[in-house]
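Hello,

Here is the structure I promised to pass on to you. Please have a look at it, and then read on for what turned up.

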Amino acid sequence: MAHLIVRNARITTLDRDRPEATALAVSDGAVQAVGDEATILALATPTTRIIDAGGRRLIPGLNDSHLHLIRGGLNYNLELRWDGVRSLADAMAMLRAQVARTPAPQWVRVVGGFTEHQFVEKRLPTLEELNAAAPETPVFILHLYDRALLNRAALRAVGYTKDTPEPPGGHLERDARGNPTGLLLANPNALILYATLAQGPKLPPEYQLNSTRHFMRELNRLGVTSVIDAGGGFQNYPEDYDIIQKLHADGELTVRIAYNLFTQKKGGELADFERWTDMLSPRQGDDMMRHNGAGEMLVFSAADFEDFRVPRPELPSGMEGELEPVVQLLAKKRWPFRIHATYDESITRVLDVYERVNQEVPLDGLHWFIDHAETISERNIERIRALSGGIAVQHRMAYQGEYFAERYGRDAVRRTPPVRKMLEMGVPVGAGTDATRVASYNPWVSLYWLVTGRTLGGLALYGEDNLLEREEALRLWTHGSAWFSHEQDRKGVLKPGAFADFAVLSADYLQVPDEAIQDITSLLTVVGGKVVHAAGDFGPLAPALPRPMPDWSPVNHFGGYQGGRLALPQARIQKAAHVHGPGCASHGHGQTRAVSADKAPGFWGAFGCLCYAF
């Protein structure tokens, strides 16, 4: 009989045989039945937990087909997130508050997830503003993959001086005397940004465990129940997977993870994959954590750079000779694979290699795919379909669309990427974010972009021929992404036998105005029939989560994605006590007490409550 029943819901099942329902039953981690209340309640026993959804929209759990969760989790508690902040004034107020509480020798770091276009001021802070806000505390701000801003204290911490040579893969802006100003430019790639960030202090393992748990809970707060982890630079296997493996072994994962392995050394790519294919069999693991193959980096020479402020990079002439033996090895070992490719010109050359390999070792059944594909042509979409591949799309254009339009024109941007055409041509398509260092991890920003075609700055990118209906976009974020980890039979739909992964939403995604889509959260998130996040009326169901570590972590004071929260007026701060709002317990706060103006950060905390933690 049912272990859990959710009733009085508006359920979007995405099951074409039963697209809507009002109740569902869960047994042993799977959906037992979906239907009307009378039928489902008949499955209840005296021990069945019954949850009244209050007429809210319930959807399958969201599945990010391209997220750097494992790497992002290690650092989440260190990062001040400007994701969703809608004015530079508010962002800088957050920065100053965090500088005041960050002890030496720690940094204040804002690592992606925002764009200057989301601010009403339409600009980044100046170096002068950063130095005034933080004269002694190192500050590192990563903006997309195009630049980083360092204050003078950060320059001292990393040792960049007049004598520092021009770094490979980037540019140090200098003043008239040759001294670095603090502006780092990624040209022709982002290596200088990565390498500089890597010099910052790291959390000890105990804190990394805590940090990863909080990042997963933040994803759960937004309705995410599964991700496909795309690996990343400075994320080697197996040593950099110890934290996530321990959480898995201890039963503390609250997000299902399918992980790809990302080669780490230019020139040593084939050796990496030879070693890893001997260590892991295809799709090794279980339903909570499973190996998913290779990529998104297969060989360094095949990866183009997605900074639309600079011209399209030309891949080196020897790329094909380096890529082909890697793909041959993966195909023979039956490892799925993915590859980062922004431009159609790069995709053309990559597919030339894949077609040659396919003649010797068929790729059919591998569920291989291209990531990004912003400027892909219809011809290359057809070639991907012929080789039984797929395309994972992300909402990078919501953050960089203005730059693309300025360089390539408004006509070109209308098909960047051509999501509607991909679907019409029958190619598997999954949606994701490419978080955390470029776009935000918030899936609702991606859904807003897919439905409206607008950037965070308000620029309309697409015409009606490249927009998706809301349920169609939701399908890419659920059942569509499940194809990319070979789980389309059990994930992304709510039907008997499927994973009991779902979210009850704060607002009805199918009915709210377009602009309100970005601020949707989940009030109740369930993975495998277990509640992993609860807020609002469901708050008492929230599982315990330790306070973010260390105590000065930005997560303790600001949470993660900011949504529509704004700075409070000073008069309001002076009067305020800690006011519990929906889901405050999920934020990990300890004892509450009255606050004074000099201690209050002055922002609405996570989950819509006035959360002041000390």
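Let me begin with the second largest pocket, whose lining is made up of eleven nonpolar, six polar and nine charged residues. Please keep in mind that this is a predicted model. The pocket holds about 480 Å³ of space. Of its 26 lining residues, Gly251, Leu253, Met288, Val527 and Lys530 are the closest to the centre. Helix H7 (205-221) and strand E23 (530-534) are the elements that give two or more residues to this lining, and H7 provides the largest share, with four residues.

Next comes the largest pocket, with a volume of about 900 Å³. It is lined by 28 residues, and those nearest its centre are Asn189, Ala190, Met297, Phe300 and Ala303. Sorted by class, that lining has 14 nonpolar, eight polar and six charged residues.

There is also a pair of helices to look at. The axes of H10 (residues 319-333) and H11 (residues 344-360) come within 9 Å and cross at roughly 40°, which means that H10 is oblique to H11. The crossing of H10 past H11 is right-handed. On the H10 side, the contact is made by Met319, Glu320, Leu323, Glu324, Val327, Gln328, Ala331 and Lys332. H11 contributes Arg349, Val350, Val353, Tyr354, Arg356, Val357 and Glu360. By class, this contact has eight nonpolar, one polar and six charged residues.

Enjoy exploring it!

Best wishes

Notes. Residues are numbered from 1 along each chain as its sequence is written. This is a predicted model: local features need pLDDT of at least 70, side-chain atom pairs count only at pLDDT 80 or more; totals for chains, interfaces and linings use all residues. Side-chain values use heavy atoms; hydrogens and water are left out. Axes are lines fitted to C-alpha atoms, for helices over the stretch in contact, and angles run from 0 to 180 degrees between N-to-C directions. Angles under 35 degrees count as roughly parallel, over 145 as roughly antiparallel, 65 to 115 as roughly perpendicular and the rest as oblique. A crossing is left-handed if the near helix is turned anticlockwise from the far one by less than a right angle, and right-handed if clockwise. Contact means heavy atoms within 4.5 Å. Ala, Val, Leu, Ile, Met, Phe, Trp, Tyr, Cys and Pro count as nonpolar, Asp, Glu, Lys and Arg as charged, and the others, Gly among them, as polar. On a 1 Å grid over the protein atoms alone, a cavity is a set of points where a 1.4 Å probe fits but cannot get out, and a pocket is an open set with protein on both sides within 12 Å along at least five of seven lines; lining residues have an atom within 4 Å of a point. Grid points are joined across faces, edges and corners, and a volume is the space filled by probe spheres set on the points.
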